[in-house]
Amino acid sequence: MAEGVASITEFYRPLDEAEVGRKHWLTVFTSGMGFFTDAYDLFIIGTVTVILTPIFRLNTNQISLLNSISLLASVLGAFTFGKLMDRLGRKTVYGLEVALLAVGAILTALAWNFESLFIFRILVGIGVGGDYATSAVITSEYANKKSRGRLVGTVFAMQGFGLMAGPAIAAIFLGAGVPNGIAWRLMLGLGAVPALSVVYLRRKIRETPRYTLSVRGDVAETAKTVEWVTGQASTVNGQATTGKGNRPVAPIAATSDLRKRLASKPYLLRLIGTAGSWFLMDIAFYGNSVSSPLILKQLQPHGSLLSHTLISLAIFTVAAVPGYWVAVWLMDRLGRKRIQWQGFLVMTLAFGGIWLIPGAVKNTALFLGLFAISYFFIEFGPNETTFVFPSEIFPTSIRGMGDGISAAGGKFGAFLGALFVPHLLKSVGISGVMGVMAAVSAVGILLTLVALPEPMGQTLEEASAEDPSSLTY
């Protein structure tokens, strides 16, 4: 058995020790454009519902549902695609989720009333959820051990540009005087463009080498993919591996055993940590971001929709987007765990300051300063790391399901945040909302410290506590 352990470790060595190259960046781009689209489609709805309120005569309940239904649907998408990835393979399902997202975006632009828009936003959400479950896992399974956090983090950092694109495009349409009845349709329909641009690339991507070896036991295909990524042939016991003369690897777990394995030690605690911290983070992030037009309207009752949109754009540009890239830069230097708990800590302090400082919600400069700080440390913090963690700390055979459940937990938190913040703003005001966000963030600190390991600098097999001896020649 010891020989088998050495063989598997040696097999992956070119992948684990490779320099970041063209194939890595192709994977990152293919995955990242989906996240640009995800962010744009999820956050543009906040501005769209403000425009649609007089057109469709929306009430508060309908606004809350439109703002949040894609997030609830993404729970289903993340869980379903995560499960399918482990059963059918990464390549089999990759690209289908972003195609569904594009179709949903086009249909939302053609909606004729509240009900039709509500249904089409469900399609968008399923596609978004599927993207969360698939892209991180695929990027992680192609990455080397030294730069894995940076590569997976870069995929997610594309969300920042989508976050910025929403208010930027809305500001262009509103500033140019495009009629509201046309502007909202263009805002929603444009979400299909970046998604469609990568459907072909996703359908052509090779199956990840860890899936072909660990789950399918296909030595020859794995060797080809490793060489495709790194330019180096895999070796087993000092000899190049071509698949000829090598016995297939025994898959480490039968499909029927996957749920039991995910519920066993140490993976159940890890799943609570990844899904729970993502749930808490998304309550704060999506609750504030999707409802930012409503928050700014309460902060500045006499401000215009255009001015509020420009303020949102400024916060995203100055605070959020730099936060993503600082996290990417430091992910493989400080570690995921430290970045996550420190981010939750500063979020707690920023939200708590708005809640506790007298007059903070009446002093526009003070509020926006603290709000911007919270955004920087959401991105240089749990918004990045909750995406990276579950792609690393579960074994290959259950990585899709572990990531899918974690993403589903996050999107359920996002749904709750987007659904209830409009109502909380009416009942307890901005200060009360920020008090809730401070409490949520404080729980995130504790969960991170208790439930999550540090995978920085480790191979996926080490980070996931996967026993290589279960893969035998």
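Student: Since the model is predicted, what is the mean pLDDT of the protein, and which elements have the lowest and highest values?

Tutor: The mean pLDDT of the protein is 87, and 91% of its residues reach 70 or more. Among the elements, strand β2 (residues 239-240) has the lowest mean pLDDT, at 50, while helix α16 (residues 336-356) has the highest, at 97.

Student: Where does pLDDT stay under 50?

Tutor: One such stretch is residues 243-250, for which the model has 20 contacts beyond four places in sequence. Over residues 252-256 the pLDDT is also below 50, and this stretch has 10 contacts in the model beyond near neighbours in sequence.

Student: How should I read the packing of two helices, and what are the values for α19 and α20?

Tutor: Two packed helices are described by the angle between their axes and by the distance between those axes. Here helix α19 (residues 396-427) and helix α20 (residues 429-451) pack at an angle of about 130°, with their axes 6 Å apart. Because angles over 145 degrees are needed for roughly antiparallel, α19 is oblique to α20. The crossing in which α19 passes α20 is right-handed.

Student: Which residues make that contact?

Tutor: On α19 they are V421, L424, L425 and S427, and on α20 they are G429, I430, V433 and M437. By class, this contact of α19 with α20 has six nonpolar, two polar and no charged residues.

Student: What are the angle and the axis distance for α3 and α19?

Tutor: Helix α3 (residues 60-88) and α19 pack at an angle of about 175°, with their axes 7 Å apart, which makes α3 roughly antiparallel to α19. By class, the contact of α3 with α19 has 18 nonpolar, 12 polar and five charged residues.

Student: How do α2 and α13 pack, and which residues are in contact?

Tutor: Helix α2 (residues 22-56) and helix α13 (residues 267-290) pack at an angle of about 40°, their axes being 9 Å apart, and α2 and α13 are therefore oblique to each other. The contact is made by L42, F43, I45 and G46 of α2 together with F285, Y286, S289 and V290 of α13. By class, the contact of α2 with α13 has six nonpolar, two polar and no charged residues.

Student: Where does helix α15 bend, and what follows that helix?

Tutor: Helix α15 (residues 305-334) bends by about 35° at F316. After α15 comes G335, whose phi is positive, near 100°.

Terms used: Residues numbered from 1 in each chain as written. Predicted model: local features only at pLDDT ≥ 70, side-chain atom pairs only at ≥ 80, totals over all residues. Heavy atoms only, no water. Axes fitted to C-alpha atoms, helices over the stretch in contact; angles between N-to-C directions. Helix = DSSP H or I, 4+ residues; strand = E, 2+ residues; numbered from the N terminus. Parallel < 35°, antiparallel > 145°, perpendicular 65-115°, else oblique. Left-handed = near helix turned anticlockwise from the far one by under 90°. Contact = heavy atoms within 4.5 Å. Nonpolar A, V, L, I, M, F, W, Y, C, P; charged D, E, K, R; others polar. Bend = angle between axes of the 7 residues up to and from the residue. pLDDT = per-residue confidence, 0-100.
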